[in-house]
Amino acid sequence: MDLVVPPGPGVPQGLTVPGDVLVERFSRSSGPGGQGVNTADSRVELELDVVAFDGFTDTQRARVLRALDPRLVGARLLVVAASEHRQQRRNRSAARERMAELLRDAMAPPPA
């Protein structure tokens, strides 16, 4: 499943990150509940190697690395998790939406 970044400042045509460059991990979601709750692996972690992804322009990559530096693992991996929904499918969508928003905001040019 591809990640679609909608058009915005710094990414006028939008951007599509192919699903095969994203790493997805699934685990049990933590939280309150009784016996039998969260027995499915509904938590989703979505990972993108910002340095290796060749879909960015040099300017976009530099902006993403600068803007998201505190969030990056090993100065290159953007990891987003979603566990607010009970269904894995909904958490997968939430993680993709969150990552798309982070990337879109990070690629925007700095204020003048």
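Arg92 is placed in helix α2, where helices (H or I, at least four residues) and strands (E, at least two) are DSSP runs numbered from the N terminus. The structure is a predicted model, in which local features need pLDDT of at least 70 and side-chain atom pairs count only at pLDDT 80 or more, whereas totals for chains, interfaces and linings use all residues. Residues are numbered from 1 along each chain as its sequence is written, and side-chain values use heavy atoms, with hydrogens and water left out.

Leaving aside neighbours within four places in sequence, Arg92 is in contact with Glu24, Phe26 and Val44, contact meaning heavy atoms within 4.5 Å. The side chains of Arg92 and Glu24 are joined by a polar contact of 2.8 Å; such a contact is a pair of N or O atoms within 3.5 Å, of which, within protein, one must be able to donate a hydrogen and the other to accept it, and residues adjacent in sequence count only if both atoms are side-chain atoms. The C-alpha atoms of Arg92 and Met1 are 9.5 Å apart in space, although the two residues are 91 residues apart in sequence.

The protein chain comprises two helices and five strands, arranged along the sequence in the pattern β-β-β-β-α-β-α. Of its 112 residues, 31% are buried, and among contacts with a separation of 6 or more, 59% are between residues 24 or more positions apart. In the loop between α1 and β5 lies Ala75, a residue that has a positive phi of about 60° although it is not a glycine.

The largest nonpolar core contains 25 residues, of which Phe56, Met99 and Leu103 touch the most other members; a core of this kind is a set of buried Ala, Val, Leu, Ile, Met, Phe, Trp, Tyr and Cys residues joined through side-chain atoms within 4.5 Å. Two or more residues are given to this core by each of β1 (3-5), β2 (15-17), β4 (43-49), β5 (77-82) and α2, with α2 giving the most, namely seven residues. Beyond its neighbours within four places in sequence, Met99 is in contact with Leu3, Leu22, Leu46, Glu47, Leu48, Leu78 and Val80.

Glu47, one of these partners of Met99, lies in strand β4 and counts as buried at 15% relative accessibility. The side chain of Glu47 makes a polar contact of 2.8 Å with the side chain of Arg25. When neighbours within four places in sequence are left aside, the contacts of Glu47 include Val21, Leu22, Val23 and Leu77. Val23 lies in strand β3 (residues 22-27) and is partly exposed, with a relative accessible area of 35%; with the same exclusion of sequence neighbours within four places, Val23 is in contact with Glu45, Leu46 and Glu47.

Helix α1 (residues 58-67) packs against helix α2 (residues 88-107) at an angle of about 110°, with the axes 8 Å apart; axes are lines fitted to C-alpha atoms, for helices over the stretch in contact, and angles run from 0 to 180 degrees between N-to-C directions. Helix α1 is therefore roughly perpendicular to α2, the label for angles of 65 to 115 degrees, whereas those under 35 count as roughly parallel, those over 145 as roughly antiparallel and the rest as oblique. Gln60, Arg63, Val64 and Ala67 of α1 make the contact with Leu103, Ala106 and Met107 of α2.

Notes: Buried means under 20% relative accessible area, exposed over 50%, partly exposed in between (1.4 Å probe, protein chains only).
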